[in-house]
Amino acid sequence: MTTWPKNEVQKIAGTDDLHISPFREDGVTYGTPTWIWSVVVNDTLYVRAYNGQNSRWYQAAMRQKAGRITAAHISKEVTFEPVDGPINDLIDDAYRAKYHRSPYLKPMIGARARSATVKVMPRKTNVNKRRK
């Protein structure tokens, strides 16, 4: 499993500008970048869909399992995994700490958004190029 380089995950944790682009149905073309909230727990990046599992980006992420994120001047090929269980309590705490001033915090730690929690991990890309 690929993990986040410490410097990248720390930069992403400190910013509020994450855009997520799951692949479209063709598995090659990126979807329209969607701005979403993100948090880091134990050096792992998590995101949630405000509108829960009905969110278009969430549905695409669960179907395609991969795409790209852009945050803190970092663009990264990533994988998406659904999240459930006790880790959600730690993710809630991270949302409370990072977004405590926002009127949107309560819905982001509510059942609808919690049901659409996604673990975002860097994806190894094929960097082998043909040599002539």
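The points below cover strand pairing, the nonpolar cores and the salt bridges.

1. Please keep in mind that this is a predicted model.

2. Next, the largest nonpolar core. It has 22 residues, and Trp4, Leu18, Trp57, Ile69 and Val120 touch the most other members. Several elements supply at least two residues each, including helix H1 (6-13), E5 and strand E7 (117-122). Helix H2 contributes the most, with four. A separate core of 13 residues includes Trp37, Val41, Met108 and Ala113.

3. Ile69 deserves a look of its own. Beyond its neighbours within four places in sequence, its contacts include Trp4, Leu18, Lys76 and Val120.

4. Lys76 also forms a salt bridge with Glu8, with the closest N and O atoms 2.9 Å apart. Lys76 is in strand E6 and Glu8 in helix H1, so the pair ties together parts 68 residues apart in sequence. Both residues are buried.

5. Finally, Arg48, Asp89, Asp92 and Arg114 form a network of salt bridges. Asp92 meets Arg48 at 2.7 Å, N to O, and Arg114 meets Asp89 at 3.2 Å. Which of these residues are buried, and which partly exposed? Asp92 is buried at 4% relative accessible area and Arg48 is buried at 1%, whereas Arg114 is partly exposed at 24% and Asp89 is partly exposed at 44%.

Key: Residues numbered from 1 in each chain as written. Predicted model: local features only at pLDDT ≥ 70, side-chain atom pairs only at ≥ 80, totals over all residues. Heavy atoms only, no water. Core = buried A, V, L, I, M, F, W, Y, C linked by side-chain atoms within 4.5 Å. Buried < 20%, exposed > 50% of the residue type's maximum accessible area, 1.4 Å probe, protein only. Contact = heavy atoms within 4.5 Å. Salt bridge = Lys/Arg side-chain N within 4 Å of Asp/Glu carboxyl O.
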